[in-house]
Amino acid sequence: DGCGHTILGPESGTLASINYPQTSPNSTVCEWEIRVKPGQRIQLKFGDFDIDDSDSCHSSYLRVHNGIGPTRTEIGKYCGFGFHMDGLITSKSNEVTVQFMSGMHTSGRGFLAAYSTTDKSDLITCLENASHFSEPEFNKYCPAGCVIPFADISGTIPHGYRDSSSLCMAGVHAGVVSNTLGGQINVVISKGIPYYEGSLANNVTSKAGPLSPSLFTFKTSGCYGTLGMESGVIPDSQIIASSILEWSDQTGQVNIWKPENARLKRAGPPWAAFISDEHQWLQIDLNKEKRITGIITTGSTLAEYYYYVSAYRILYSDDAQKWTVYREPGMDKDKIFQGNTELYQEVRNNFIPPIIARFFRINPLKWHQKIAMKVELLGCQFSIARAPKITMPPPPPWNRNDDKNDDSSDDSVKTSLQTDKTTFTPEIKNTTVTPSVTKDVALAAVLVPVLVMVFTTLILILVCAWHWRNRKKKTEGTYDPPYWDRAGWWKGMKQFLPTKSAEHEETPVRYSSNEISHLRPREVPAMLQTESAEYAQPLVGGIVSTLHQRSTFKPEEGKEASYADLDPYNSPIQEVYHAYAEPLPVTGPEYATPIIMDMSSHPSTPLGVPSISTFKAAGNQAPPVVGTYNKLLSRTDSTSSAQAQYDTPKGQPGPAAADELLYQVPQSLAHSTGSKDEPS
């Protein structure tokens, strides 16, 4: 009568004295017989040991034996308050007997211990928590039976568990290990969060918890995604049930709680059975075989209908004809899953090992008022692992007897697989990936994101350069020359170019009056372009001289010099003109039109009238007001009708002024007096 919490699994388990962790009662005894597979040995580890040693282990003690029965041999006898045992107690065979005796005492919690086969070198007990380990990541083996009523956990997946939680109990809650089998856990420690949620999963209740310095989570296979009930991937036609609840309310409206209503988190009523008994079921067709790792259920989720299922069985099939009830490995009884305790809370149960099937059926066994539920399945796609190809020598010539033997061996394999499938589905491990392939996959996982980032950066640079070029073109203007063709840039670049010879620059181009008089008005500027100049110069006194590279003409303010500008007065003859100071057409002159008049009848300009000029004189010297008229060039074009006059050409005083003319200044027509005569 001294046995407490006890789970004895095929490879591991947990045992404790009665009333642990409270004081054990007086005069009690308990004896555990532990067996594992032949050829294996057993190791025992204590999580807590507190037995009265006032009589030197005479009446209260714990004794461990090799073997079972009369032939057993003692390994050791232990007692003491707060006794700490370093290392493990290891048996010499596959059988061990543990005996607990409690005599007269006033204190002492008793003990809690875990056992496993000796190949589990990283065995821990159910009392270990994350704060006992300093590593940020570690692997440990949890024994079976760690769902104990005196341990607490806080948190849930995927957010994590509080560091004060029992590692193995949290592993059961998360669905990474089985309470009846135990298993390996891979723990990752990270920074804590302000609040930990509580939930019910795998018959373990997690409580809400406050802030903690750290938390832990588990590394898993990742096969815990939803399979399509909530999202609608599974169509309504693939969800059927044994019966459907149909009824009319007080207003006469007909309510039908159909199977397709059994979708988790879907608003509205759930699926409900017409008759509430143990023969009802809800069936889901996954369309093909899937790896099913868990299920989440809720009640009706309608406050006015307090219906939910509190316990159920799971059945699965490949053809919807032959059904198999889910059992845990090594167990000869169907597993009963804990359902909901109220109509709203989501309750999760995991399948360890997972179920491989196409058809999935839920069979309610206990319920509140009526059978009603909403569900979601967890899992992933299932792919059959194939063994790697092995190069074999060519087989010898076959005969019929060999064929018969092969067929019989194939039949035996098929039969054994079918037999195994009726009990449980073993976890399939992929053996096709070799270590070298794994390294290549890891290398590719690093290189692919890097290459993607590099190409993305190059594309962004090209796009930005293209946009910058377009914006620069827009700022230059539609009719402006490119920035590399502007006069300012060209002036800056002239210092790098070979200079012209002095003789070529200083020699003016001259035309006689007779030659110019025979030219058409539009032919004159064409001849003036024989020497490249920055600005064209006027024709004065029958002498046309080219301007040097430095011109005294100033462009109009607010406008840049542009060789692409068109003639402001359209001409039928398309010729190339300089931007400034070219002779304008005679059909509509505004400035710089040659004077065509009879000099004999032209009076002098009054001395008091200032001349008006559209050109800027060189330097700060004011243009002269009084001067003599120079010899003018008469235009022979008979079509000229407009009349204008030129002011005296501007030059330096002295006898050489007539030969070194720079430009001409038009005089206002409003100040001219005298009669206008036709040219002779």
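Predicted model: local features only at pLDDT ≥ 70, side-chain atom pairs only at ≥ 80, totals over all residues.
Trainee: What makes S12 and S16 paired strands?

Mentor: Strands are DSSP runs of E, at least two residues, and helices are runs of H or I, at least four residues; both are numbered from the N terminus. Two strands pair if DSSP finds at least two bridges between them. Strand S12 (residues 160-162) and strand S16 (residues 214-218) have 2 bridges, in the antiparallel sense. Therefore they meet the cut-off. Arg162 stands opposite Leu215 in S16.

Trainee: Which sheet do they belong to?

Mentor: An open sheet of 5 strands, in the order S10-S13-S16-S12-S11, with antiparallel pairing.

Trainee: Why are S10 and S11 at the edges?

Mentor: Strand S10 (137-142) and strand S11 (155-156) each have a single partner strand, so one side of each has no neighbour in the sheet.

Trainee: How do you know that helix H1 packs on the sheet?

Mentor: By contact, which means heavy atoms within 4.5 Å. Helix H1 (residues 167-174) touches S10, S11, S12, strand S13 (183-191) and S16. The direction of H1 makes about 50° with that of S16. Axes are lines fitted to C-alpha atoms, for helices over the stretch in contact, and angles run from 0 to 180 degrees between N-to-C directions.

Trainee: What is the strand order in the sheet that holds S1?

Mentor: S1-S2-S9-S4-S7, an open sheet of 5 strands with antiparallel pairing. Strand S1 (3-8) and strand S7 (89-90) are at the edges, because each has a single partner strand. Strand S4 (residues 42-50) and S7 are joined by 2 bridges and run antiparallel. Gln43 stands opposite Thr90 in S7.

Trainee: Why is Thr117 called buried?

Mentor: Buried means under 20% relative accessible area, exposed over 50%, and partly exposed in between (1.4 Å probe, protein chains only). Thr117 has 1%, so it is buried. Thr117 lies in strand S9 (residues 110-117). Leaving aside residues up to four places away in sequence, Thr117 touches Glu11, Val36, Gln40, Arg41 and Gln43.

Trainee: What makes Thr301 and Ala320 worth a look?

Mentor: Their phi values. Most residues other than glycine have a negative phi, and most peptide bonds are trans. Thr301 has a positive phi near 60°, and Ala320 has one near 65°. Thr301 lies in the loop between strand S22 (282-298) and strand S23 (308-317). Ala320 is in the loop between S23 and strand S24 (324-325).

Trainee: Why is each called partly exposed?

Mentor: Thr301 has 24% relative accessibility, so it counts as partly exposed. Ala320 has 23%, so the label is partly exposed as well.

Trainee: Which peptide bonds are cis?

Mentor: Among them is the bond from Tyr20 to Pro21, with omega near 10°. Pro21 lies in the loop between strand S2 (12-17) and strand S3 (28-35). Another joins Ile352 and Pro353, with omega about 0°. Pro353 is in strand S26 (residues 347-368).

Trainee: Why is the pair of Tyr305 and Tyr307 tilted?

Mentor: Rings of Phe, Tyr and Trp (its six-membered ring) pair if their centres lie within 6.5 Å; planes under 30 degrees apart count as stacked, over 60 as edge-to-face and the rest as tilted. Tyr305 and Tyr307 are 5.9 Å centre to centre, with 45° between the planes. So the pair is tilted. Tyr305 is partly exposed at 22%, whereas Tyr307 is buried at 12%.

Trainee: What makes the pair of Phe337 and Phe351 edge-to-face?

Mentor: The planes are 85° apart, and the centres 5.4 Å. The pair ties together parts 14 residues apart in sequence, because Phe337 lies in strand S25 (residues 337-338) and Phe351 in strand S26. Phe337 is buried at 2%, and Phe351 is buried at 3%.

Trainee: How do you know that Lys77 sits over the ring of Tyr61?

Mentor: The test needs NZ of Lys or CZ of Arg within 6 Å of the ring centre and within 35 degrees of the ring normal. The charged end of Lys77 is 4.2 Å from the centre of the Tyr61 ring. Arg361 sits over the ring of Trp323, with its charged end 4.1 Å from the centre.

Notes: Residues numbered from 1 in each chain as written. Heavy atoms only, no water.
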